Amino acid sequence: MEAPTDDTDETDDTGTPVPVPERVGRVVSLVPSLTESIAETAPGLLAGATDWCTHPAGLDVPRVRGTKNPDVEKIIGLRPDLVVGNTEENRPADVAALRAAGIPVWMTEIRTVDEALASLRRMLTVACRLPVPGWLDAAAAAWEGVRPAEPRRTAVVPIWRRPWMVAGRATFTGDVLARLGVDNLYAGHPERYPKIPIGELNAAGADLVVLPDEPYAFSAGDGPESFPGLTPVLVSGRLLTWYGPSLAEAPRLLGRALADAR
């Protein structure tokens, strides 16, 4: 007879059963948003994070390289009870390698604000065995009270230059803006992050160009000059693209930035 186990197969956002231990004491996060979510909820639970995990400030944990090139052997050596990742940020091959090494990997899949709130709640409570944090309830309340500004406007949302790339179909960024009254002009594009020539971006008929400071660090001196006919809106990439504790303040701060551009 096999020895009993305390592990429970729970299902992550992809529908994959994950053998989550009954007690989770060491977690490696492969996504900055998830890293901040866990660190703000349970300081000390994180056993590792990527080089790109910049929040909360002063986070002191072993680093495992980037989201797209994690050091799998180092992660295995950290002996985590759980690894958390995201289908957009992390490569299937790395996830498979970690699972083959016997490490439970919980994958999130987030394309809307509603998905973010639900996914974070499940990751924290089911995968990490934590109580629901106050910041998550505050984030849900903040977005529940959002009413889109009128009249609605359209925007192009570059995320990179050389080559120019924009937010396209089914992105978290596009949903955030839509809830605030700004429609992503490329939301109907077949690709999620298409490469679009700068001339086409300028001629597409948008009202605004929304320029986040990550992943490309757009700034007042790097970005707006390429869109002479559009009103630029410089915003925090963490507020626009992260789905963690920043969700609680994102509607207010992004709404103000967009309103100031009217």
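1. Tryptophan 135 sits in helix α5 of this predicted model. Is its side chain buried or exposed? Tryptophan 135 is buried, because its relative accessible area is 14% and the cut-off for buried is under 20%.

2. Next, look at what surrounds tryptophan 135. Leaving out residues up to four places away in sequence, tryptophan 135 touches Ser37, Glu40, Thr41, Leu120, Leu124, Gly244, Pro245 and Ala248. One of these, threonine 41, also makes a polar contact with tryptophan 135, side chain to side chain, at 3.0 Å. Aspartate 114 is 21 residues from tryptophan 135 in sequence. In space, their C-alpha atoms are 15 Å apart.

3. Where is threonine 41 placed? It belongs to helix α1, which covers residues 32-41. A polar atom of its side chain lies 2.6 Å from the backbone oxygen of serine 37. Its side chain also has the 3.0 Å polar contact with the side chain of tryptophan 135. Threonine 41 touches Leu124, Leu130, Pro131, Pro133 and Trp135, again not counting residues up to four places away in sequence.

4. How many residues of α1 are buried? Nine of its 10 residues are, so the helix is mostly covered. The buried residues are Pro32, Ser33, Leu34, Thr35, Glu36, Ser37, Ile38, Ala39 and Thr41.

5. Helix α5 (residues 134-144) packs against helix α4 (residues 113-127). The angle is about 165° and the axes are 11 Å apart. That makes α4 roughly antiparallel to α5, because the angle is over 145 degrees. The crossing of α4 past α5 is left-handed.

6. Which residues make this contact? From α4 come Val113, Leu117, Leu120, Arg121 and Leu124. From α5 come Trp135, Leu136, Asp137, Ala139, Ala140 and Trp143. By class, the contact of α4 with α5 has nine nonpolar residues, two charged residues and no polar ones. Tryptophan 135 is one of the α5 residues here, and its contacts include Leu120 and Leu124.

7. An α-helix has 3.6 residues a turn, so residues three or four places apart point the same way. Follow the α4 residues named above with that in mind: Val113, Leu117, Leu120, Arg121 and Leu124.

8. Helix α4 also meets helix α6 (residues 172-179). Their axes come within 8 Å and cross at roughly 115°. On the α4 side, the contact uses Val113, Asp114 and Ala116. On the α6 side, it uses Phe172, Asp175, Val176 and Arg179. The residues of this contact divide into four nonpolar, three charged and no polar. Val113 of α4 is in the contact with α5 and also in the contact with α6.

9. Last, histidine 55. It lies in the loop between β4 (46-49) and α2 (72-77). How exposed is histidine 55? Partly, because its relative accessible area is 27%, between the 20% and 50% cut-offs. Its side chain makes a polar contact of 2.9 Å with the side chain of threonine 54. Leaving aside neighbours within four places in sequence, histidine 55 is in contact with Thr35, Glu36, Arg238 and Trp242. Aspartate 137 is 82 residues from histidine 55 along the chain, and their C-alpha atoms are separated by 19 Å.

Notes: Residues numbered from 1 in each chain as written. Predicted model: local features only at pLDDT ≥ 70, side-chain atom pairs only at ≥ 80, totals over all residues. Heavy atoms only, no water. Axes fitted to C-alpha atoms, helices over the stretch in contact; angles between N-to-C directions. Helix = DSSP H or I, 4+ residues; strand = E, 2+ residues; numbered from the N terminus. Parallel < 35°, antiparallel > 145°, perpendicular 65-115°, else oblique. Left-handed = near helix turned anticlockwise from the far one by under 90°. Contact = heavy atoms within 4.5 Å. Nonpolar A, V, L, I, M, F, W, Y, C, P; charged D, E, K, R; others polar. Polar contact = N/O pair within 3.5 Å; in protein donor to acceptor, adjacent residues only side chain to side chain. Buried < 20%, exposed > 50% of the residue type's maximum accessible area, 1.4 Å probe, protein only.
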